[in-house]
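Dear colleague,

Please find below the structure that I am handing over to you. My notes on it follow directly after.

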Number of protein chains: 2
Amino acid sequence: MARAINFNAGPAALPAAALERAQKELLDLAGTGMSVMEHSHRGKAYEAVHNEAISLVRELMGVPDSYDVLLLQGGASQQFAVVPMNLLPAGKSADYVLTGAWSQKAYKEAKSVGTVRVAATTEKDKKFGRIPSQKELELDPNAAYVHITSNNTIFGTQWAEFPDTGSVPLVADMSSDIAWRPIDVSKFGLIYAGAQKNLGPSGLVVVIVKKELVAAGRSDIPAIFQYRTHADNNSLYNTPPTFSVYVLRNVLEELKKAGGLSAVEKTNREKAKLIYDAIDERSDLYSSPVEKSARSTMNVVWTLKTPELEAEFLEEAKKRNMIGLKGHRSVGGMRASIYNAVSLEWCKALAELMKGFKR
Amino acid sequence: MARAINFNAGPAALPAAALERAQKELLDLAGTGMSVMEHSHRGKAYEAVHNEAISLVRELMGVPDSYDVLLLQGGASQQFAVVPMNLLPAGKSADYVLTGAWSQKAYKEAKSVGTVRVAATTEKDKKFGRIPSQKELELDPNAAYVHITSNNTIFGTQWAEFPDTGSVPLVADMSSDIAWRPIDVSKFGLIYAGAQKNLGPSGLVVVIVKKELVAAGRSDIPAIFQYRTHADNNSLYNTPPTFSVYVLRNVLEELKKAGGLSAVEKTNREKAKLIYDAIDERSDLYSSPVEKSARSTMNVVWTLKTPELEAEFLEEAKKRNMIGLKGHRSVGGMRASIYNAVSLEWCKALAELMKGFKR
C-alpha cells in the first residue's frame, strides 16, 4: 500500500525514516537480540535511548540548563490537572487565557484543583477565530502562573508572539506546535506537549519546566504527580513508556538531520502559505473563519459554501489518497493538519487540488 | 542477532509472533498506508484495534459484564494514587496488606491521599519471604477496600489463594501476574496491572473495575483521574497510548492462540517447577529465601553461597545468551522472571545450567 497523504490532527503523520528505523530494529535493538520494548528501563541499552531523547529535546529547542526536561505519561489532558496540582498553592490564583476548546478544558480541570480566573477569552466576539492582543489580557500580577494554549488545533489559530506576563510564570500547552520553529524557552515557566502531533507517538508528554518552579512545587500531593519526583529521577521513577520514548528519539534525530528547528520553520511556513494562498485565491469557493494574524501554521481550517461541496471535496481528496481533512466534529468544515512530518510535497498536492476544484 | 533468552523482570520478553506482526505492519496497518501510530484514535482502523484489545481482556480473563475494562496511562505507580483518589472518601479508611516493596509504595502513596491502615505485613518475621495467612489479616470491616499485591516481583512471593475480605472490595495490583492463569474476577472490586510484564509494552495499565465502584467513586477530583471519565468514554476520553494498545492486542491474540489462560497456567507451572526443582536439587549451591507455599510462578529468586559464585553464575548464563538474571538491586541474589512470554525451552535451558553449574 502506498503511503497515505496524512493530514490527521493527531495522532498524526510521523517521519517515514523514523518509522523505518523502528521497523528494522523492532526485534533487535542495537544488536541485543531484544526489542526496545523488552529491555529493562534500568538497563544500558534503553537508558542510552532515553538520555539521547532528552538531549535532543535540549539541543533542538535550546533548553537552558536551569530547566528540567521530563518525559511523562497521561498526555496534555493529565497535565491540565498536574500543572495546578504542582504550581497552584492554596491562597493563590492562576490566570487562564481561553483561545479554544483545549484551553477551556485546561481551565475547567484546573478549577477542580484550585482557584483560577479567566484573563481573556476570544470565544464570544469571534468564536475563537483570533488570538487576544497583549492589551486585552487582564492579568493578575499576583497569579501563580498564566496559562495559554500556543496553537489551537480545532479553531486553527496560533499565538504568533507570546504574551508578556512580567514576573508571573508563563505556562504553555504546546501539544500541537512544539518544535515547529525555534523559540526562547527562557520566556516560559513551563511548557508541556503531548507527543502525538509534532514529536512522536501518543502515550508520552514532554514537560520542560524551570527548576525553580519544580523546587517550589507543592509536596502535599501524591509523589507520582510531583514534578520533582521525575526531575530527581531523570524520568525513571517509574517505568517510562519506553517504546514511545524510542520513537521520539527517532523523530528528533530526523528533525536534527533536516537541519533543526530553523530549517523546519522555513518549510512549515512554506507549507502553510501554499494552503492559505489556495484559500485566498479561490474565495469564490473557500472561506477562512480565522483572522489573518492568527492563522495557524499547523492546522489550516476553512469551509466551503455548502455541506455538499465539502463532501465532494473530501471525495476528491480521498481519490488522491489524502486522509484526515475533515474538520473537528465540533466545528465542521475542513482542516489540514500540517505538522513537522507532513511534507512540502503533500501540501503542494493539497493546494493543487484546492485550486483546481470545481474549475 | 539471535533472540536473547530474556528473564527481565519488566519490561520483559514479549511473544515473538506479536512483535513480528508489529514489525510487518509498522508502516501499514490493515492496508491503510499508515502506521498504527499515525492513525487518529477516533478513526475506524484504530478503534477496531482498541475494541479488540478490550474484548480479548474480557474473553481471556472471563470479565463479568458488571465490570469495566479500562486502558489507561501512568502505570501501576499512578494507580497507587488513583485508586484511593477514587475509592477512599473522607471519613473512611483503607486496608493495605504489605508483602513487599511495591505494596509498601502503594501504601505510602495512598497515605498522601487519605486514611490507610496496615492489615498485615510480612516484613519483619521473614523479610517478605512469605504471604500472610487469612487469620493473620486484621481486617477492618468498615474499610473502603483492602489492597493486596498479588505477586511480589522483588521477593519472589505470590498469593496462591486470594484473601476473603467479606463485603469489603478487594483491590489487587496484578502487574506482575495478571493473566498467568484463570481467576474469578468477580471476587475483586478492582484489579490493575501495568502491561509491561505479562501483557505488552510499558506505558499502558489495564484496570478491571466493578461498575458499582466506578459509579460510587469520588467526583471531587480532576476528571482525568476519575474512573467514570474513562468508563463513560471507552478509554477514549483523551488520546490513548495507541501503539501500546495495539501491541497488547497482538499479545492477547497470541495468548488466545496458545489455548487461553488454562493452557498458559499449565505451561507456567511447568516452567516454575523446572527452576524450583533445580534450586532444591542443588541445595549444596542454592537457597531460596521464600517459604515453599508462597513461591511465585512468575519471579523465582534464589541465592548462591557467595557473591563470587553469583558473579560466576551470571557469567555462565551470559555465555548462553541469557539476560536479566541478576536479583533486584535492593535484595541481590538471582532472579528469573518467567512471565507468560518466557518459553518452556528457555526455562529448561536455565534449569540445566543451574543443575550442571560447578558439578
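**The nonpolar core**

The largest nonpolar core has 238 residues, and the members that touch the most others are Ala193(A), Val206(A), Ile275(A), Ala193(B), Val206(B) and Ile275(B). Please bear in mind that this is a predicted model. For Val206(B), leaving aside residues up to four places away in sequence, the contacts are Val57(B), Val69(B), Leu71(B), Ile178(B), Tyr192(B), Ala193(B), Ala195(B) and Leu199(B).

**Chain A as a whole**

Chain A contains eleven helices and 14 strands. Its C-alpha trace spans about 60 × 55 × 30 Å along the principal axes. Among contacts in chain A between residues at least 6 apart in sequence, 69% link residues at least 24 apart.

**An open sheet and the helix across it**

In chain A, three strands make up an open sheet with antiparallel pairing, in the order S11-S12-S14. S11 (286-287) and S14 (334-337) of chain A are the edge strands; each has a single partner strand, so one side of each is left without a neighbour in the sheet. Strand S12 (residues 299-304) of chain A is joined to S14(A) by four bridges, and the two run antiparallel. Within this pairing, Asn299(A) has Ser337(A) as its bridge partner in S14(A). Helix H9 (residues 260-281) of chain A lies across S11, S12 and S14 of chain A, at about 15° to S12(A).

**The contact between the chains**

Chain A and chain B each give 57 residues to the contact. On the side of chain A that touches chain B, the elements giving two or more residues are helix H1 (16-24), helix H3 (75-87) and helix H8 (242-257) of chain A. H3(A) supplies the largest share of that side, with five residues. By class, the side of chain A that touches chain B comprises 26 nonpolar, 26 polar and five charged residues.

**Backbone points to inspect**

Most residues other than glycine have a negative phi, and most peptide bonds are trans. The following places depart from that pattern.

- The peptide bond joining Gly10(A) and Pro11(A) is cis, with omega at about -5°. Pro11(A) sits in the loop between strand S1 (5-6) and H1 of chain A.
- In chain B, the peptide bond from Gly10(B) to Pro11(B) is cis, with omega near -10°. Pro11(B) sits in the loop between strand S1 (5-6) and helix H1 (16-25) of chain B.
- Ala179(A), a residue other than glycine, has a positive phi near 60°. Its loop runs between strand S8 (170-173) and strand S9 (190-194) of chain A. Ala179(A) counts as buried because 24 C-beta neighbours lie inside 10 Å, the cut-off being 20 or more.
- Phe128(B), also a residue other than glycine, has a positive phi near 65°. Phe128(B) belongs to the loop between helix H5 (123-126) and strand S5 (146-149) of chain B. With 25 C-beta neighbours inside 10 Å, Phe128(B) counts as buried.

With kind regards

Terms used: Residues numbered from 1 in each chain as written. Chains lettered and ligands numbered in written order. Predicted model: local features only at pLDDT ≥ 70, side-chain atom pairs only at ≥ 80, totals over all residues. Pairing = 2+ DSSP bridges. Contact = placed C-beta atoms within 7 Å. Axes fitted to C-alpha atoms, helices over the stretch in contact; angles between N-to-C directions. Core = buried A, V, L, I, M, F, W, Y, C linked by C-beta atoms within 7 Å. Buried ≥ 20, exposed ≤ 12 C-beta atoms within 10 Å, placed from the backbone. Nonpolar A, V, L, I, M, F, W, Y, C, P; charged D, E, K, R; others polar.
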